Amino acid sequence: MTRIHMPPVLVTGATGRIGRGVIDQLVSAGVPVRALTRRAEAAATLPADLEVVTGDLTVPTSLDGALRGTSAVFLLWTAPPTTAAAVVERLAAHARRVVFLSSPHRTPHPFFQQPNPMAVLHAEIERLIASTGLESTIIRPGMLASNSLAWWAPAIRAGDVVRWPYGAAETAPVDDRDVAAVAARTLYQRGHAGGDYVLTGPESLSQAAQVDIIGNVLGRPTRFKELSPEEFRRETEGKAPRQVVDMLLTAWGATIGTPAFVTSTVSDILGAPPRSFPQWVTDHADAFEQGPDRSS
């Protein structure tokens, strides 16, 4: 493998699905990587020859050592908003550029234009980054295909009906691996400074159709039961934050009758088409198979 001679790239959220994907992509490209974790023991889940450093976004001073000598930072915000300004200030003091995993809150599509506290936080972090003069790239994934693991896999594994609202609401699920690949490419490839990239899967699919696709891949029928918003609120009481439930219901309701927003950004940057939802399900079929919980 050819090594790219550059200072290391710091990856936050290193043990999460997307952060780990970014690490794997960078390592495959020969880019030196420094992985940030909150707990030293988390290093056991990362490649053995990787440089792992500890730090916490909620304690900005803990990041100084991790940031020293870096060329770029992949920022995946996983903390309360209170320390965002101090963290961005430290990024600007040590790194030349940052790739920030945000959300499509600027996209003129009804699904992304509903009140969303996370989007408010993302917009503020973007503002902070811009105010420092950091060279930046903003990555905006739409609905992640992996959401189906938390939403529908438990019922499908149990052979139960998927009880869900707004079956006709359409999204364009994007594969986490495509998000990670785009983020990694923008961290080491020239020409992405100032980039603002909305990432989606290749097609608009209703939620009910996505559940059907899972059944088709598994070779057994999956059943979708339409719930009203109030029924869904009752069924998720105590299982999910009410604020998140209300946000999703509003977004799904607003998009009824409107195809999902679909972009060509993944193929534009990677030179290959984005993975389809059926392909994602095929690659993660074990998580939907009947038997012990396999969602991890």
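**Helix packing and burial**

Author: One place to begin is the crossing of α3 and α4, which is right-handed. Bear in mind that this is a predicted model.

Reader: At what angle do α3 and α4 pack, and how far apart are their axes?

Author: Helix α3 (residues 84-94) and helix α4 (residues 117-132) pack at about 35 degrees, and their axes are 10 Å apart.

Reader: Which residues make the contact?

Author: From α3 you have A84, A85, V88 and A92, and α4 brings in I125, L128, I129 and T132. By type, the residues of that contact are seven nonpolar, one polar and no charged.

Reader: Switching to α1, which residues are buried there?

Author: I18, G19, G21, V22, I23 and L26 are buried in α1.

Reader: And what covers them?

Author: The cover includes the strands β1 (9-11), β2 (33-37), β4 (72-75) and β5 (97-101), plus helix α7 (176-188).

Reader: How does the end-to-end span of α1 work out?

Author: Helix α1 has twelve residues, 17-28, so at 1.5 Å a residue it should span 16 Å. Its end C-alpha atoms are 17 Å apart, which agrees.

Reader: What's the phi of G30, after α1?

Author: G30 has a positive phi, near 80 degrees.

Reader: What does R233 touch?

Author: Leaving out residues up to four places away in sequence, R233 touches R242, V245, D246 and L249.

Methods:
Residues are numbered from 1 along each chain as its sequence is written. This is a predicted model: local features need pLDDT of at least 70, side-chain atom pairs count only at pLDDT 80 or more; totals for chains, interfaces and linings use all residues. Side-chain values use heavy atoms; hydrogens and water are left out. Helices (H or I, at least four residues) and strands (E, at least two) are DSSP runs, numbered from the N terminus. The expected span of a helix is 1.5 Å times one less than its number of residues. Buried means under 20% relative accessible area, exposed over 50%, partly exposed in between (1.4 Å probe, protein chains only). Contact means heavy atoms within 4.5 Å. Axes are lines fitted to C-alpha atoms, for helices over the stretch in contact, and angles run from 0 to 180 degrees between N-to-C directions. A crossing is left-handed if the near helix is turned anticlockwise from the far one by less than a right angle, and right-handed if clockwise. Ala, Val, Leu, Ile, Met, Phe, Trp, Tyr, Cys and Pro count as nonpolar, Asp, Glu, Lys and Arg as charged, and the others, Gly among them, as polar.
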